[in-house]
Amino acid sequence: AALSPSIVDWTRAALQHRMTHTADVFMGSEVGLLDALFKQRTSMPFRLATPMTLPLPSPEAWHRYIAARFQHLRGAPAGHAVDRVVAFPGGRPRDRREACEHLRTRRSVNPTVDGALDLAEARTLAGLSAEFEEIWKQLERPKGTRTTAARIAAGRPPYGEGRPATQTVRTIEKLAQMGLIRKRGRGAYEFTEPLFGVFVRNLTQAER
């Protein structure tokens, strides 16, 4: 169902009426959306919350969790297969959940089928492609944003090779504002959702 455009105004009013002896937590995986709500002066909930980055579960913790969820399933994946399920989506829990669901469905139908992990990964990417394509459309402006995204996806530095520095800075700011990238070192960036990086890499390779 469509949400009323006034829902943010109502939320702010409700929060302001009970500011005493209360604490509110707003959680979500869309970093760009949360930043737009609480950091932009034009947004009604501006400064109603302080952003905090929660630490991600360790790969070992994910392994234990996924192995436990699969243990009663016929043809449960072996330890190395669970490691692959953990590593494939990177740090995005939603993508990992999608991959697990596809793997569970495949194993339920045929516990001994070969290539179940390959199929689960392919279907996870296919299921996210429509969302990723919409994000890609938003990267038409400013000029050069798609080039910057492609460089990051390929593990190359976004600066250099004759690119205007001011243009590159603007494109990095655009990607960061959308919550698509994070800095991992001097002049180096990575995608917050690794599978979007895979999508960009596959797309730009196909266009060559």
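Visitor: What do the side chains of Glu131 and Arg94 meet in?
Guide: Glu131 and Arg94 meet in a salt bridge, at 2.9 Å from N to O. A salt bridge here is a side-chain nitrogen of Lys or Arg within 4 Å of a carboxyl oxygen of Asp or Glu. The model is predicted, with local features needing pLDDT of at least 70 and side-chain atom pairs counting only at pLDDT 80 or more, while totals for chains, interfaces and linings use all residues. Residues are numbered from 1 along each chain as its sequence is written, and side-chain values use heavy atoms, with hydrogens and water left out.

Visitor: Where do Glu131 and Arg94 sit in the chain?
Guide: Glu131 is in helix H6 and Arg94 is in helix H5 (residues 93-109), so the pair links distant parts of the chain, 37 residues apart. Helices are DSSP runs (H or I, at least four residues), numbered from the N terminus.

Visitor: Is Arg94 buried or exposed?
Guide: Arg94 counts as buried, at 19% relative accessibility. Buried means under 20% relative accessible area, exposed over 50%, and partly exposed in between, with a 1.4 Å probe and protein chains only. Glu131 has 30%, so Glu131 is partly exposed.

Visitor: How many salt bridges does the structure hold?
Guide: It holds 9.

Visitor: And what does Arg84 pair with?
Guide: Arg84 meets Asp118 in a salt bridge, at 2.3 Å from N to O. Arg84 lies in helix H4 (residues 79-87) and Asp118 in helix H6 (residues 116-137), 34 residues apart. Glu121 also forms a salt bridge with Arg84, with the closest N and O atoms 2.8 Å apart. That pair again joins helix H6 to helix H4, at 37 residues apart.

Visitor: Why does Glu121 count as buried?
Guide: Because its relative accessibility is 17%. Asp118 is partly exposed at 46%, and Arg84 is partly exposed at 31%.

Visitor: New topic. Which residues form a nonpolar patch on the surface?
Guide: Val25, Met27 and Leu54 do, with about 380 Å² of accessible area together. Such a patch is made of residues with over 30% relative accessible area and no salt bridge, with nonpolar side chains (Val, Leu, Ile, Met, Phe, Trp, Tyr) joined within 5 Å.

Visitor: Where is Leu54?
Guide: Leu54 is in the loop between helix H2 (31-39) and helix H3 (59-70). At 54% relative accessible area, Leu54 is exposed.

Key:
Helix = DSSP H or I, 4+ residues; strand = E, 2+ residues; numbered from the N terminus. Patch = residues over 30% accessible without salt bridge, like charges linked within 9 Å, V, L, I, M, F, W, Y side chains within 5 Å. Areas by Shrake-Rupley, 256 points an atom, 1.4 Å probe, with all protein chains shown as cover.
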